[in-house]
Amino acid sequence: MAKKSVGTIQTGTKRLTKAIKMVKSPKSGAYVFEEKIMAPEDVNDFLKSK
């Protein structure tokens, strides 16, 4: 499973990070990318979850 933190986005006073992880689809068996924009401290929890 590939994991990648792309970069940081700064909007006003909030600092956000866009994280992308590759997940295997249960239906087709193909890999799909899951993207989410979140606070930097939540990135590790997002990447560890399945």
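User: If helices (H or I, at least four residues) and strands (E, at least two) are DSSP runs numbered from the N terminus, what pattern does the protein follow along the sequence?

Analyst: This is a predicted model, in which local features need pLDDT of at least 70 and side-chain atom pairs count only at pLDDT 80 or more, while totals for chains, interfaces and linings use all residues. Residues are numbered from 1 along each chain as its sequence is written, and side-chain values use heavy atoms, with hydrogens and water left out. The secondary structure comes to one helix and three strands, and read along the sequence the pattern is β-β-β-α.

User: Over how many bridges do β2 and β3 pair?

Analyst: Two strands count as paired if DSSP finds at least two bridges between them. In this pairing, Lys24 stands opposite Tyr31 in β3, and the partner of Lys18 in β3 is Ile37. The hairpin of β2 and β3 has six residues between the strands, and Gly29 takes a positive phi near 85° there. The sense of the pairing is antiparallel, and the number of bridges is eight.

User: Which side chain meets that of Glu35 in a salt bridge?

Analyst: A salt bridge is a side-chain nitrogen of Lys or Arg within 4 Å of a carboxyl oxygen of Asp or Glu, and a search of the whole structure finds one. Side chains of opposite charge can pair when their charged atoms come close. Here the N to O distance is 3.2 Å, and the pair links distant parts of the chain, 17 residues apart, with Glu35 in strand β3 and its partner in strand β2 (residues 14-24). The partner of Glu35 is Lys18.

User: Is Lys18 buried, partly exposed or exposed?

Analyst: Buried means under 20% relative accessible area and exposed means over 50%, with partly exposed in between (1.4 Å probe, protein chains only). The relative accessible area of Lys18 is 28%.

User: What separates the C-alpha atoms of Asp42 and Thr17?

Analyst: Asp42 has its place in the loop between β3 and α1 (43-48), and at 37% relative accessibility Asp42 counts as partly exposed. Along the chain, Asp42 and Thr17 are 25 residues apart. The separation of their C-alpha atoms is 9.0 Å.
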